[in-house]
Amino acid sequence: MKKFINAPETVLAEALSGIAAANPGLKVDAGNKVIARAAGTKPGKVALISGGGSGHEPLHGGFVGHGMLDAACPGEVFTSPVPGQMLAAAQAVDGGAGVLFIVKNYTGDVLNFQMAAELAAEEGITVETVLVDDDVAVQNSTWTAGRRGTGATVFVEKIAGALAEQGGSLTEVADIGKRVNAASRSFAVALTACTTPASGKPGFDLPEDEMEVGVGIHGEPGRSREKLRPAKEIVATALDAILADQPLDDGDETIVMVNGLGGTPLIELYLVFNEIAAALAAKGVVVARNLVGNYVTSLDMAGVSLTVCKADADMLSLWDEPVNTPALRWGI
């Protein structure tokens, strides 16, 4: 294993210190492992909180800031944060209008956020939850009952966050988040496994000429293991799976994200975006907005995930609203 670390057991703590040092607009509660906006939550605004295991950066701490999250709770690498973290975050950022938990569908995250919501209710904090389950690759997986939550998390955080900034109620903000999740589908392919600092070795064996089709963001098995093919064919496989679950019609507008899983060069991500844009255009589908880059990673995994959201006018308008976070910024 070759990594820029001091010791496996100090990676998260030292990374959190680095996030604080690099981003004066954020504050880090090292004891509770909570990343929040330095300026706090505007009174009367719904607060958005998300979180999950580390190793997926910039998700979630990189999306704390104006127009997205008010706080993020990172667990250890690929390990759910604990209820006390979410409760501390809710107490820190509740502006009096309630708190929205945005939770990726992994069993540990779901259970711990649910427990935190119950604890927050005892403290007089109203909590609603949006569960993200956009991955169409498999129905049940290593740490998941039902579909896994992946790339659509970014879409939910951005669009729901924009409505919260506009003064939307907790019910309204939760509803738009649920709509975005329901309109979004994702599919990922890996060319290599990732290596966690604690294990010091790849999470699974993948021969040089093979790829994991439908891989999860922790290295969970996908639909199949297949021989490596040209990018055009890989994109076709992923897009076919997405469209089989979420059909798109001629004239539909979409938000498309081509997301690197941590070890894929940006030049390859743009090549993949070219393929998916051409494939959708051939069906008369409009790519109205897009993201290309590393947004939901899996440490050093070479791979790509595609996320397609069938967007309505409200979603596109909220997408265009200003955002100012370490990982996503426009209109500010």
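Predicted model: local features only at pLDDT ≥ 70, side-chain atom pairs only at ≥ 80, totals over all residues.
**A note on the aromatic cluster and some buried residues**

1. Residues are numbered from 1 along each chain as its sequence is written, and side-chain values use heavy atoms, with hydrogens and water left out.

2. Trp 319 has a tilted aromatic partner in Trp 330, with 5.5 Å from centre to centre and 45 degrees between the planes. For such pairs, rings of Phe, Tyr and Trp (its six-membered ring) must have centres within 6.5 Å; planes under 30 degrees apart count as stacked, over 60 as edge-to-face, and the rest as tilted. Because Trp 319 lies in helix α8 and Trp 330 in strand β14 (residues 329–330), the pair ties together parts that are eleven residues apart in sequence. Helices (H or I, at least four residues) and strands (E, at least two) are DSSP runs, numbered from the N terminus. Trp 330 itself is partly exposed, at 24% relative accessibility.

3. How many aromatic pairs does a search of the whole structure find? The count is three. In one of them, Phe 155 and Trp 319 have ring centres 5.5 Å apart and planes at 90 degrees, so this pair is edge-to-face. It links distant parts of the chain: Phe 155 sits in helix α4 (residues 152–165) and Trp 319 in helix α8 (residues 313–319), 164 residues apart. Phe 155 is buried, at 0% relative accessibility. Together, Phe 155, Trp 319 and Trp 330 make up one aromatic cluster.

4. Next, have a look at Asn 105, in the loop between β5 (99–104) and α3 (107–122). Is this residue buried or exposed? Asn 105 is buried, with a relative accessible area of 8%. A polar atom of its side chain lies 2.6 Å from the backbone oxygen of Arg 147.

5. Finally, the cysteines. Cys 73 is buried at 1% relative accessibility, and Cys 194 is buried at 5%. With a disulfide taken as a pair of cysteine sulfur atoms within 2.5 Å, the count comes to zero disulfides.

Methods
Buried < 20%, exposed > 50% of the residue type's maximum accessible area, 1.4 Å probe, protein only. Polar contact = N/O pair within 3.5 Å; in protein donor to acceptor, adjacent residues only side chain to side chain.
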